[in-house]
Amino acid sequence: MDKRSNASFDTSEPVGRATQMKGRSRLASQLHQWTAWVEGLAGFEARGIRRVDPEERQKASFASDMQIFLLWLSANLSLNNLGAGLLGPMVFGLGFRDAAVCAVLGALFGSLSTAYMCTWGPRSGNRTMVVLRFLMGYWPAKIPCLLNVVLMIGYSTIDAIIAGQVLSAVSGGGMSIAVGVVVISLICWLIVTFGMYPFQVYERFAWLPQVVVLCILIGCAAPRFDTSLPNAVSGTQLSAARLTYFSLCSYVPNSWAAAAADFYVYYPEKTPRRRIFCLTVAGLWCSFSFVYLIAIGLATGAAHQPTWAAANEISTGALIVEAFAPLTTFGKFCAVVVSLGVIANSVPGTYSGSLGCQTLGRYGKAVPRWAWSSVLVLIQLVLGLAGRQNLFGIYSNFLALMGYWIEFMVCICLEEQFIFRRSQDWDWSQWENKEYLPHGCAALVSFLIGWAGAIIGMSQAWYVGPLSKLASGADLGMWVGFGMTMLSFPPLRYVELKYTGK
């Protein structure tokens, strides 16, 4: 009886297993059908990180060239950048003149890295994090890829929070910040899910209402700007504040470097790299300088305007609404328009983050881009609801910390291209071939050395490195890390090439 019982048990196990596999197969089939239906919608971009071959690209045109400029202009005429600009006078004690010079020059410096990384899009037909496989190696490239996903989630979270603050202030507190966060997240999700085409169309026109309302803001608030506000610090502390604020203002435009090529993979392969570089710098520098200067003006006004100071105590969004106050109802309408401008900033970040999730590995690649976009928007929504009362803390810690590694990555790319590759190009179709791609040991070690330099030079609320202490608290993280990466990568790469040949 025992043997018969065991035999009966043994024959039933394969049947159960087969039933389970059949159920999984049915579920996979249903998911495939759902994905096919979604990707068949008009205007939907089904492509993920697969390379765009030259014959699949759009034709060159003046309109597509202008789109390069307009994308960066629209994406960065945004309230989150207004918040970053406020830090100069409010946190670092800089006067109007010093803050303005640091902000404008910082914006220019940060734009250069992003403009350089943009040029890889048309040239390769690959997304930014896929291009890194050729420059840093298949496995090491996953580290900046993961950091970029975190970075893009962080910026989109900041977008949702500050827009929610404005919408709450416009309603006189009748609508909570949380509702505003939900509204912005939903609109972002609707655009980014469909992918490149609707997002490029949106960015083509999103700059216009922002320029109009920001000019209106200048008209009604500029009389209260204190352009003669002196520095609140002096001596070595003033030098430290200038360097730290300059670096902070460069981190924001610089952070787009990890996503820059994603938006230009459909451009013709022979698109002049100099044109892409110059148009990108122009779009970034114009938008960031414009917004930074307005923010600095608002910060100087809050120093001696009691109503502005009281509004700023509530939130950054309340300060912006208060600046529109002389226009009464029309001013509130303008504040709403400004708050919706963050969508143009959040959409490309979420789009790039979803591509990064696919680049992390074969399991990530198996999930459609639109599904990753939905997951990231959900994460941003949760983080926005959780951190809606701590915007300034997020700014002062998150931006600097995430800005460090971008420069290390760009440094490795520059040295790999101009020292080791020079005129030699890559076979861009080999983006998944681990045998063709470099091992990346040199890039990995150099990247980690850069981080070690950042740690000893950083100045954050929760940690101040020994070099920063010697420099009166200046944030030297990016500069020390960049220098150590620049010096360490060439000899390490020579050794790697000697022993591996690739």
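Leucine 383 touches Ile153 and Thr157, leaving aside residues up to four places away in sequence; contact here means heavy atoms within 4.5 Å. This is a predicted model, where local features need pLDDT of at least 70, side-chain atom pairs count only at pLDDT 80 or more, and totals for chains, interfaces and linings use all residues. Residues are numbered from 1 along each chain as its sequence is written, and side-chain values use heavy atoms, without hydrogens and water.

Leucine 383 sits in helix 17, residues 369-386; helices are DSSP runs of H or I, at least four residues, numbered from the N terminus. Its relative accessibility is 41%, so leucine 383 counts as partly exposed, that is, between buried (under 20%) and exposed (over 50%), with a 1.4 Å probe and protein chains only.

Next, the helix pair. The axes of helix 14 (residues 328-340) and helix 15 (residues 342-359) come within 5 Å and cross at roughly 10°. Axes are lines fitted to C-alpha atoms over the stretch in contact, and angles run from 0 to 180 degrees between N-to-C directions. The two helices are therefore roughly parallel to each other, the term for angles under 35 degrees. Val338, Ser339 and Leu340 of helix 14 meet Val342, Ile343 and Ala344 of helix 15. What classes do these contact residues fall into? They divide into 5 nonpolar, 1 polar and no charged. Nonpolar covers Ala, Val, Leu, Ile, Met, Phe, Trp, Tyr, Cys and Pro; charged covers Asp, Glu, Lys and Arg; the others, Gly among them, are polar.

Definitions and conventions: Parallel < 35°, antiparallel > 145°, perpendicular 65-115°, else oblique.
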